[in-house]
Amino acid sequence: MNSLYDPKDLPGDFVKCYGGTEDGVRVFSSPARINIIGEHIDYNGGKVFPAAINRYLYVAIRKRSDSKIIYSDLKFPGTYTFDINGTFTYDKANGYTNYLNGILSQMKEKGLSFSCGFEVLMVSNVPAAGGISSSSALECGFAYAVSETFGFGISREEIARLGQMSEHNFMNVHCGIMDQFIISVGKKNTAIVLDCDTLEYEYVPLELGEYRFVVMNTNKQRRLADSKYNERREQCEQALKILQENGAKITALCQLSPEEWERRKEAVADDVLRRRANHCVYENQRVQDAVAALKNGNLARLGALLNESHESLKDDYEVTGIELDTLAQTAQKQEGCLGARMTGAGFGGCAIALVHKDSISGFISRVQEAYVKAIGYEAGFFDCESGDGVSQLRQPL
């Protein structure tokens, strides 16, 4: 694994890139995230249970004396130049800067005005396209950096909404808000239980003792995720409509308790639709059970819930695939592992496992061996702890 970039080096690298002195340079951090449990229910009225983790993207920013905006990244070649007084539009040729310009476009829509331009240098220790929200870390870290630099004072909750609205209105990606929300409001040593409909949330102590989460990246290129995601949403909407037509006074599947679902499920005659709804109802209950398990310090129960979640995502929701199944099911059998499951959209991306810290090295070696044997190429692994949400690391001198 490549060594991680030290953000203490960023002001010096900024001056190498742009000249001048370090005096006016601010540095911000923005974390990756994992969703501990609560998958594919954010759009079904359910609750999710994410945590920010200690892998960060860093943003260095300094005001300019003119209206230019200049973006550079230490790991990606090329410099992009725009004008703060211009109109921002999506252009595939602009690469990652579309995420940044999308944020600026939403800020302008809110009536915020800029007294000058600025220059940005970024670097990330978050694996790109690994299912732990590198794009949301980019959006929220940049939005927070701009807000603090120009004195906008945008709240953390609004930073999350800015990220989501940028995706919807600029990138034309109709994402939920979980990723941006936990990245914005996260706190070290906690997870949050978030109601994706109301955005009400509660911090829950994430006290794992001798255990750590290990992130396992399939390294698979995901091509079907978007189309299958839309298909699953449509199937859930069909199941909901059938239940409503048969007397269920609900507006979302996750409003059903498991007991009421068991009484009503025969109304959903189609096996596929029934399994989709079954996952939603029981996954929502697993979130509540996981929160209770953590509050009670019952890590074994949390691990069992992770295993149940993966089985449901595999059999009822059908969003795993051989790569994720190989990682999760192999992990579940290893000494020192309390539980494992896929996390994120599925069809590739990442899984997580709850592993004793003294077992991590052997765990990774054995799971890697099984994965290469079954899939033909290596997975990526790293262990992590909880981290803080978007933060300012360096004030201008």
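Mentor: Asp13 counts as buried because its relative accessibility is 17%, where buried means under 20% relative accessible area, exposed over 50% and partly exposed in between (1.4 Å probe, protein chains only). This is a predicted model, in which local features need pLDDT of at least 70 and side-chain atom pairs count only at pLDDT 80 or more, while totals for chains, interfaces and linings use all residues. Residues are numbered from 1 along each chain as its sequence is written, and side-chain values use heavy atoms, with hydrogens and water left out.

Asp13 belongs to helix H1, residues 10-18; helices (H or I, at least four residues) and strands (E, at least two) are DSSP runs numbered from the N terminus. Beyond its neighbours within four places in sequence, Asp13 is in contact with Tyr5, Leu74 and Leu121, contact being heavy atoms within 4.5 Å.

The C-alpha trace spans about 65 × 50 × 40 Å along its principal axes. Of the 397 residues, 56% are buried. Where contacting residues are at least 6 apart in sequence, 72% of those contacts join residues at least 24 apart.

In one, strand S3 (residues 68-73) pairs with S4 in the antiparallel sense over 5 bridges, two strands being paired if DSSP finds at least two bridges between them. Lys68 stands opposite Asp83 of S4. Between the two strands of this hairpin lie 5 residues, and Gly78 in the turn has a positive phi of about 100°.

In strand S6 (residues 190-195), 6 of 6 residues are buried. Thr190, Ile192 and Leu194 point one way, Ala191, Val193 and Asp195 point the other way, and all are buried. Strand S7 (residues 201-205) pairs with S6 in the antiparallel sense over 5 bridges, with Pro205 of S7 as the bridge partner of Thr190. The S6-S7 hairpin has 5 residues between its strands, and Leu199 in the turn has a positive phi of about 65°. S6 is also paired with strand S2 (residues 47-63), in the antiparallel sense over 2 bridges, and Val48 stands opposite Leu194 there.

At S2 one also finds Lys47, which counts as partly exposed because its relative accessibility is 31%. Although Lys47 and Leu194 are 147 residues apart along the chain, their C-alpha atoms are separated by 5.5 Å. Outside four places in sequence, Lys47 is in contact with Gly38, Ile41, Val193, Leu194, Asp195, Asn284 and Val287.

Asn284 leads on to helix H8, where it is placed. Its relative accessible area is 6%, so Asn284 is buried. Leaving aside neighbours within four places, Asn284 is in contact with Ile41, Gly46, Lys47 and Cys254. By contrast, the C-alpha atoms of Asn284 and Val367, 83 residues apart along the chain, are separated by 29 Å. Helix H8 (residues 271-295) also holds Arg275, which counts as buried because its relative accessibility is 19%. Not counting residues up to four places away in sequence, Arg275 touches Asp315, Asp316 and Glu318.

Finally, helix H10 (residues 322-332) is mostly covered, with 8 of its 11 residues buried. Among these buried residues are Glu323, Asp325, Leu327 and Ala331. The buried residues of H10 pack against strand S8 (211-217), helix H9 (299-315), strand S9 (337-343), strand S10 (350-356), helix H11 (360-375) and strand S11 (380-384).
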